[in-house]
Amino acid sequence: MSTEHLSLQAEPDGLVSSIVSESPAEPLSRRGFLRTAAVAGGGLIVAGVAACAPSVAAPAWTYRPAASSGTDAAQPSGSAASAAPSPEPSHDHASTAPSGSPAPADHDAAALAVVKRFLDGEYGKVEGAGNQPLVPELDGGVKVFDMTVDMIDHRIDAVKDPVAALGFNGTWPGPRLEVVEGDTIRAVFKNNLDESTGIHFHGQRLPNKMDGVPHITQDPIKPGESFTYDFVARTAGSHMYHSHHNATDQVGRGLLGAFIVQPKDPAQRYDRLYGATQDIIWISNDTLGGFTINGRGFPATAPIVAKVGEKIVIRFMNEGVMTHPWHLHGMPMRVVARDGYPLGSASFFCDTLGVNPGERWDVVIDCEDPGAWAFHCHILPHAEGHDGMFGMVTALVIQDAAAAAIESTSGATPVVAAASAAGSTAFECRIPTAG
Ligand SMILES: [Cu+2]
């Protein structure tokens, strides 16, 4: 990996994820306790209202911020046979149809409690951020990635109990593996699970025996064993690596990661081609822990922070079992590649982009308008309910000079500073400006 690539990634991933990785999990301070209690209280109110509503079961797998037990549907059973997601998503979709609104004050309280956590920077208080670049070892001309397949305790947010997840090198998503088209790759996966696995490089044109499909192209990787994938990265673009064994369970629990193959021609890379200053991985999943972006659910999702005038790239990747139409408020996205293949003159603009399971879509956003812009899945049961926003929600924060000044003088988080500078009338985002 060249330093040029690293510098391109360092800012975006550093910005989005270093905040997450550098801060320890919030201790159970009085403030944290009160916050937790406030959220739980909101949940009780909502639960009371729900009891009076038409009898519609709460979606068992929907991440709800009020739930505090790690034993709900967010918790896998641990059994390969029974840990598969319930075949009831369609039922659950039906169950999330409007079912009698709670009293507005109750909804407001619950919605405020969860938004406050986001404004307060919860994304920076959860350990174990994924998508961290992994620099390969060099063995002659071969780029070697040493990988482990692990059982991990993973936090979807700072409040909910950790879930029994799986990860590569201890994180969900696994490390960001980035190479250049034409590189020779050796990826060694040591299986630390108590079950077998197999790894598929999704989107790569591979020698068949390197395709990672147990019982067809290789034997399963047994617990304690390793398997080495040797291949030449011949397919440029945004790709993924994930389990291809007991995959509904294993991928659903976090065995996924980004595999980026930069074009051999530097002029075709996004920094040169579009002037992109940030290159952001956005992997969605929708099984363990509910609806997640990069392994987190709102309010612990990381906002994307950019300056006015920046052009940023987002690489959407869907490792879930449902489609997710990503909707950006305020400005359009220019869609420039699908599944790693450049769209060229067929690129197009949109503000809502459906991403099906297995797909990768690359978009360029011209960050023109300052403010804190909502960015969420527009299947509403994946994003907002009676308890407020949850799951697949984050924000694109575009900072102008006023926002930067507020952030530096007040210590406000980027989201609050940008909203304040843009004239938010929300109490939580009002910051007196000097003069
Ligand atoms: Cu969705």
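**Before you click**

This is a predicted model, in which local features need pLDDT of at least 70 and side-chain atom pairs count only at pLDDT 80 or more, while totals for chains, interfaces and linings use all residues. Residues are numbered from 1 along each chain as its sequence is written, and side-chain values use heavy atoms, with hydrogens and water left out.

**Stop 1: the whole chain**

Helices here are DSSP runs of H or I with at least four residues, strands are runs of E with at least two, and both are numbered from the N terminus. Of the 435 residues, 52% count as buried. Buried means under 20% relative accessible area, exposed means over 50%, and partly exposed is in between, with a 1.4 Å probe and protein chains only. Among contacts between residues at least 6 apart in sequence, 76% join residues at least 24 apart; a contact means heavy atoms within 4.5 Å.

**Stop 2: the copper ion**

Select the copper ion. Which residues coordinate it? They are His324 through ND1, Cys377 through SG and His382 through ND1, at 2.0 to 2.1 Å. Donors are N, O and S atoms within 2.8 Å of the metal (3.2 Å for Na, K and Ca), and since water is not among the atoms, sites may look incomplete. Along the sequence, the donor residues follow the spacing H-x52-C-x4-H. His324 sits in strand S14 (residues 324-328) and Cys377 in strand S20 (residues 371-377), so this pair ties together parts that are 53 residues apart in sequence. Are His324 and Cys377 buried or exposed? Both are buried.

**Stop 3: helices H7 and H8**

Now select residues 401-410 for H7 and 414-421 for H8. Their axes come within 8 Å and cross at roughly 130°; axes are lines fitted to C-alpha atoms, for helices over the stretch in contact, and angles run from 0 to 180 degrees between N-to-C directions. H7 and H8 are therefore oblique to each other. On the scale used, angles under 35 degrees count as roughly parallel, over 145 as roughly antiparallel, 65 to 115 as roughly perpendicular, and the rest as oblique.

Show side chains next: Ala402, Ala403, Ile406 and Glu407 of H7 meet Pro414, Ala417, Ala418, Ser420 and Ala421 of H8. The residues of this contact divide into 7 nonpolar, 1 polar and 1 charged.

The buried residues include Val415, Val416 and Ala419. Just after H8, Gly423 takes a positive phi of about 90°.

**Stop 4: Gly254 and its surroundings**

Move to Gly254, in the loop between helix H5 (247-252) and S9. Gly254 is buried, with a relative accessible area of 0%. Leaving aside neighbours within four places in sequence, Gly254 is in contact with Leu166, Gly167, Trp172 and Asn285.

**Stop 5: two cis peptide bonds**

From Trp172, step to Pro173: the peptide bond between them is cis, with omega near -5°. Pro173 lies in the loop between strands S3 (163-168) and S4 (177-180). Then select Phe298 and Pro299, also joined by a cis peptide bond, with omega about 15°. Pro299 is in the loop between strands S11 (292-293) and S12 (304-307).

**Stop 6: two positive phi values**

Most residues other than glycine have a negative phi, and most peptide bonds are trans. Asn131 has a positive phi of about 65°, and its loop runs between helix H4 (104-119) and strand S1 (137-139). Asn131 is buried, at 4% relative accessible area. His215, with phi near 75°, is in the loop between strands S6 (199-202) and S7 (226-232). At 63% relative accessibility, His215 counts as exposed.

**Last stop: Val180**

Finish in strand S4 with Val180, which is buried at 13% relative accessibility.

Terms used: Ala, Val, Leu, Ile, Met, Phe, Trp, Tyr, Cys and Pro count as nonpolar, Asp, Glu, Lys and Arg as charged, and the others, Gly among them, as polar.
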